[in-house]
Amino acid sequence: MKLLSKIKNYCSVALFVGATATVTLNSCTEKIDETDLYTFTGEMMIDHFENNLEVFSSYLTILGNVHMSKRSSSTMRELLAARGNYTCFAPTNEAIQEYLDSLYTIGQLESNQLDQISDSVAEAIVFNSIIQNGESEAFPTTVFTNGPLRKTNMNDRYISTSFSNDADNNTLIYVNINSLIIEGDIEVENGYIHTVDKVISPTNSTVADLLFTADNTTFFNNLLRLTGWNEKVIDYNDEEWADRNDDIRGTLKSAKFDGMYPESRKIGYTIFVETDDVFANHNITDLESLKQWVKANANKEYEDDTSTGHATSWGDDYTNDYNWLNQFVTYHILPEILTYNTMITFANELGRTAANMGADPNAYYTDFKGNVWEYWETIGVQRRSLKITACKDKDGVVKRYINRVSVYDNAYNGNYEELYADIEGIEISATNGITDNSALNGFYYPINDILIWNTNVPNKVLNERMRYDVTAMFPEFLTNKIRQQHSDYYNWYITPDYVANIVDMSNETDFFYLVNKDYDGRDGMWMDYQIDEFNINGSFDFTMKLPPVPYTGTYEIRYGVNANNNRGMAQVYLGTNKNNLPAIGIPLDLRESSGAQKTNTGWVEDPTSGDELEIQENTKVMRNLGFMKGPKYMSFDGGTGRTFWRCFRKIIYTGTLEAGKTYYIRFKSVLEEDAEFFYDYLEFVPKSVYAGEVAEDVW
């Protein structure tokens, strides 16, 4: 049984103290290269603080007393005098004194004098105020949006920004709801300083306990308590994994790729929450009125739990997994930490390539051509999924919706932009507005309508081609900030016990996660969905759990291919008994010189005329051979997923899949020598799509 760190904190006073108890430095260096100190002609952060002692003398004192880590002799004052890219939310002298006074008042400090504060309080003030941007540029206010910034601070916590207007209609920027930026965008040689009027102090509460402090979510808070889920979403760190892997964490592995081991295996949650006003708009004021609403809107889906043989209980044993209220609540909870931006992975979708993404981090989230989406499995024994879509409204404002159904311009010569929404979906708010929604182990997000699994979800929302980047199947990758550009490290080595959905891995398997940090993609190069991939080496053999299908029926499972002669060959196995999976089809050959080549796949270039009949004929030829071209939705420098013959899809399974059942897939090398296995994305496609009345689109 895993040893998990848990935290409970119902005391409102502890919310103010924040994360003073535990400080982790995942990204700071242990020793500063002093040759880099004071070599710039411009002003460094420390220079600015020293030149403005009337504002920052207290902060400067604390910076000189705090070391970068327990093992480092260098202070934070030295760090901010060195080369680098830092975003600093520097508190004023008055802000620091106000913070110390508040801690003294509630008994957290024996003295409110600056020279007598504890090391833990000093470290919290400093580490919570600084983001190490690494190779990326520091954050000016122009890239701030409603919600968390892309990188965590040196205490490994997200910093959120939000906006309002004063009486004169001037824009005000707040950090973590309470701290006002009184002077922003002070540009220095090693980053940006934003002066704040209150110390940045993230809460140490769990996501459920933080939610309980919000005055506008009292009805949903009660549902969490009644079902017991407030007591189940308290894990935040797998200490047993950390102890077991203490000798390798953070070190480089010498293999085909150098990569970082994760520093920790954190655990977290995301909760979508109806506000009290949303329930009131549906005349829901108590449990009985909610029950009647659920019966009216999702009766069949709750009554007929045929996949498990359990009938829904409409009684008051709310902690039962099959109770109606328990099912309602679990469909609101995801088993990973998603920031507002990482709900969707913006990368190389629909016209976005290395050439046009630019250096602005904010552009990743705003300058996209059409809708971008992701599928997430919710908590609960029913194994249900929801879809989150990012799209722009008529004013160009980017919004996120749960379970939106869109109609697209999806002809071959179309642009795949949304024509209209058949089902609008439920809008997600980035922040609560009245209290910080970032907890120690996750986030909660207010939503503008009632979220429920009903007929529309399996039959309309998810009755489509579901394309999963493999990393989206691994909650640990988002929770631990491994996925995509959220780290300065781009190659990661994953131990066999790190990812829960990988249920078996041989000792001969080297499991690497690679991110294309240059966003490159052209013939013979990176041609990946969402610009990342798993590159699995050795005499590999691993088994993983697959995401659920929305309803029982006939599906295709397709495997995304990027062929080259470094690849290997694998037998695929699929079934429900992870210890005895039957083989399906012939081995999957990813080598360009043998299995993965034009003559075997039937690949030919699309006609320059874009003639849809000719394209459909080629599609039939390829499908008869068990292949499909890559999606046009994927964009690379010089083309799309349909442009390059090495980028295609292999249909690895066609048959019945049952809703609610757990399926596993195994890939085992069939070559005598060590080989490389490319693993990027899978598609789960119902027969209504691949063999429907209307031909499946090329996107």
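Colleague: Which residue in S28 is the bridge partner of methionine 569?

Modeller: In this predicted model, methionine 569 has aspartate 589 of S28 as its bridge partner. That bridge sits in a pairing of S27 with strand S28 (residues 583-589), where 4 bridges join the two strands and they run antiparallel.

Colleague: And how many bridges join S27 to strand S33?

Modeller: There are 6 bridges between S27 and strand S33 (residues 664-669), again with the strands running antiparallel. Within that pairing, glycine 575 stands opposite tyrosine 664 of S33.

Colleague: How many residues of strand S27 are buried?

Modeller: For strand S27 (residues 569-575) the count is 7 of the 7 residues, so the strand is largely enclosed by the rest of the structure. In a regular strand, side chains alternate between the two faces of the sheet. Here both faces of S27 are covered, with Met569, Gln571, Tyr573 and Gly575 buried on one side and Ala570, Val572 and Leu574 buried on the other.

Colleague: What joins strand S24 to S34?

Modeller: Strand S24 (residues 532-538) runs antiparallel to S34 and is joined to it by 5 bridges, and one of the residues involved is glycine 538, whose bridge partner in S34 is alanine 675.

Colleague: On to the rings, how many aromatic pairs does the structure hold?

Modeller: It holds 44 aromatic pairs. Among them is the pair of tyrosine 331 and tryptophan 453, which is edge-to-face, at 5.7 Å centre to centre and with 85 degrees between the planes. This pair links distant parts of the chain, 122 residues apart, with tyrosine 331 in the loop between helix H12 (324-330) and S11 and tryptophan 453 in the loop between strand S19 (442-447) and helix H15 (456-461).

Colleague: Is tyrosine 331 buried or exposed?

Modeller: Tyrosine 331 counts as buried because its relative accessibility is 1%, below the 20% cut-off. Tryptophan 453 is buried too, with a relative accessible area of 6%.

Colleague: Why is the pair of tyrosine 559 and phenylalanine 677 called tilted?

Modeller: The ring planes of tyrosine 559 and phenylalanine 677 lie at 35 degrees, with the centres 5.8 Å apart, so the pair counts as tilted. Tyrosine 559 belongs to strand S26 (residues 553-562) and phenylalanine 677 to strand S34, 118 residues apart, and both residues are buried. Both also belong to a cluster linked by ring pairs, which includes Phe474, Phe511, Phe534 and Tyr679.

Colleague: What about charges, which ring does lysine 629 sit over?

Modeller: The charged end of lysine 629 sits over the ring of tryptophan 603, 4.6 Å from its centre, while lysine 632 lies over the face of tyrosine 412, at 4.0 Å from the ring centre.

Colleague: Last topic, where is asparagine 176, the one with a positive phi?

Modeller: Asparagine 176 lies in the loop between strand S6 (171-175) and strand S7 (179-188), and its phi is about 50 degrees. Most residues other than glycine have a negative phi. Asparagine 176 is buried, with a relative accessible area of 7%. Tyrosine 416 also has a positive phi, near 60 degrees, and its place is the loop between strand S15 (405-408) and strand S16 (418-423).

Note on methods:
Residues numbered from 1 in each chain as written. Predicted model: local features only at pLDDT ≥ 70, side-chain atom pairs only at ≥ 80, totals over all residues. Heavy atoms only, no water. Buried < 20%, exposed > 50% of the residue type's maximum accessible area, 1.4 Å probe, protein only. Pairing = 2+ DSSP bridges. Phe/Tyr/Trp six-rings, centres within 6.5 Å; stacked < 30°, edge-to-face > 60°. Lys NZ or Arg CZ within 6 Å of the ring centre and 35° of its normal.
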